[in-house]
Amino acid sequence: MAKRRTQFICQSCGAVHARWSGRCDACGGWNTIVEEDTGAAAGGALGGPQAKAAKGRKVPLVGLEGETLETRRLVTGIGEFDRVTGGGLVPGSAVLVGGDPGIGKSTLLIQAAGSVARKGGRVVYVSGEEAVGQVRLRAQRLGLSGAPVQLAAETNVDDIVATLSEGAAPDLVIIDSIQTLWTAMAESAPGTVTQVRASAQTLIRFAKNSGAAIILVGHVTKDGQIAGPRVVEHMVDAVLSFEGDRTHLFRILRGLKNRFGPTDEIGVFEMGGEGLRGVPNPSELFLGERSGATPGAAVFAGVEGTRPLLVEIQALVAPSPLGTPRRAVVGWDSNRLSMVLAVLEAHCGLRFGGHDVYLAVSGGMRLVEPAADLAVAAALVSSLAQAPLAHDDVFFGEIGLSGAVRAVPHAALRLKEAARLGFSRAHIAGGQPDCEDAPLTLTRIDRLDELAGAIVASGVVREHSPNAEDVV
Ligand code: TYD
Ligand code: MG
């Protein structure tokens with residue numbers, strides 16, 4: 001009997017191992033390695049001995065000048081979606097939309113499909129997860145039942161490509177989701193890395209040949225059983241992540257990779273009874289939940305891509321009964337919090353050692369800018385000192401390990417938005433350029449202890465238990 005060709009493949013990162021082990025050396029994931037039967041795929045789709053032996057064909061070499069596809073982007077008409085893709089989908093490109101289950105990927109994409117179809121484009125929506133009836137029901141709820149979207153419930157990639165190849169090439173194809181697809185080219189089970197990779201490859205090849213823009217939905221699961229979209233990320237032209245806190249109504253579409261546009265752009269949506277609605281002025285939405293002047297709340301004037309975004313940062317610093325006090329962060333990097341706390345302790349004479357520290361960004365927003373440091377520090381000191389910050393103050397600036405406050409990009413944009421929303425004072429780095437003719441009062445800070453001192457002076461630093469302090 002012929003020996004079966006099997007490989008041990010990490011379902012999280014796609015690394016191939018010689019033997020099974022509990023932990024993947026490449027990505028560090030536990031229990032992610034699965035034995036896969038790669039029989040036909042090894043020689044066919046994924047390149048094997050036969051592929052190597054074939055004689056090469058000469059390919060024409062061309063210059064950088066010439067016709068590009070850029071000029072005729074497919075605008076979906078959903079403003080926030082088009083913003084993240086860099087002004088619409090490029091024909092022949094493949095976009096991966098990832099996100100947690102239930103976050104609203106299918107809702108967003110059926111809305112995009114309906115919008116393009118209504119404008120006269122040929123749109124095919126293939127669902128591998130839901131029956132046609134379920135997709136129809138959702139579309140009806142979203143008021144899209146009249147849109148001429150072509151639906152199918154199918155999981156075999158070869159059948160899907162055969163269907164799509166018939167007649168005029170579609171303008172937009174949506175595949176929901178890539179994990180449900182399988183192809184006879186690979187012998188392992190649907191959802192495994194080999195299948196996901198082979199299916200994605202087939203669809204991307206179809207997109208390139210036909211000029212159809214293709215959107216693949218990818219699930220992100222924590223248990224590693226189903227292949228994460230990681231392996232597909234390298235193959236597609238753009239990766240968008242749909243995220244948000246399911247307990248909030250806001251959803252954020254974030255560009256993680258984009259060969260045809262900027263990657264730092266975000267689209268903000270609100271989930272409602274009629275599906276997802278774009279939010280053109282997200283600052284108003286994120287600040288809408290503010291409640292009076294309470295200690296521990298500071299407003300950060302941020303920038304996401306080309307758009308200013310004001311969010312409230314909330315800190316709670318409370319005496320801890322634990323030997324090792326808790327540090328919990330929602331919407332920000334916990335290492336960055338540790339750094340800001342260390343700088344406050346080392347350079348500003350404040351003690352957080354005996355306190356639990358909780359930090360949250362309002363509205364379920366996730367911040368990645370280092371410019372948020374100063375607002376985080378202000379919120380922490382304000383909570384520790386029980387000194388509320390002025391209601392109309394905003395903060396932005398990066399904090400260095402030496403305690404220096406550093407300038408950040410896009411100051412003018414941040415200040416303009418803050419002034420528009422009624423803020424009257426901005427605390428910024430001493431050397432911050434780009435803020436002449438600022439429409440509000442500027443307080444320049446060279447070192448963090450100046451800000452910390454001013455906040456503490458307006459409140460009372462609480463007593464902290466000395467024995468807990470010794471521990472950390
Ligand atoms: P869905 O698009 O199915 O998520 P995904 O494809 O990412 O798994 O969205 C699921 C959630 O969205 C579900 O919990 C219900 C909610 N929802 C609304 O609140 N309003 C709506 O109009 C729709 C269609 C869904
Ligand atoms: Mg779905």
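## Surroundings of D82

Apart from neighbours within four places in sequence, D82 touches V75, T76, G77, G87 and G88, a contact being heavy atoms within 4.5 Å. D82 belongs to helix α3, residues 79-85, where helices (H or I, at least four residues) and strands (E, at least two) are DSSP runs numbered from the N terminus. D82 is buried but has no salt bridge, and the nearest side chain of opposite charge, that of K119, is 5.9 Å away. Buried means under 20% relative accessible area, exposed over 50%, and partly exposed in between, with a 1.4 Å probe and protein chains only; for charge, Lys and Arg count as positive and Asp and Glu as negative, while His and the chain ends are not counted.

## Basis of the values

This is a predicted model, in which local features need pLDDT of at least 70 and side-chain atom pairs count only at pLDDT 80 or more, whereas totals for chains, interfaces and linings use all residues. Residues are numbered from 1 along each chain as its sequence is written, chains are lettered from A and ligands numbered from 1 in the order in which they are written, and side-chain values use heavy atoms, with hydrogens and water left out.

## Salt bridges

A salt bridge is a side-chain nitrogen of Lys or Arg within 4 Å of a carboxyl oxygen of Asp or Glu, and by this rule the count is 17. One of them joins R307 to E80, with the closest N and O atoms 3.1 Å apart; R307 lies in strand β14 (residues 307-319) and E80 in helix α3, so that this pair links distant parts of the chain, 227 residues apart. Both R307 and E80 are buried.

E284 and R420 also form a salt bridge, at 3.1 Å from N to O. Because E284 is in helix α9 (residues 282-287) and R420 in helix α12 (residues 411-420), the pair ties together parts 136 residues apart in sequence. Through salt bridges that share partners, E80, R83, E265 and R307 are joined into one network.

## Helix packing

The axes of helix α10 (residues 334-348) and helix α13 (residues 448-457) come within 10 Å and cross at roughly 85°, the axes being lines fitted to C-alpha atoms, for helices over the stretch in contact, with angles from 0 to 180 degrees between N-to-C directions. That makes α10 roughly perpendicular to α13, a term for angles of 65 to 115 degrees. V343, L344, H347 and C348 of α10 meet L448, D449 and A452 of α13 in this contact.

Key. Parallel < 35°, antiparallel > 145°, perpendicular 65-115°, else oblique.
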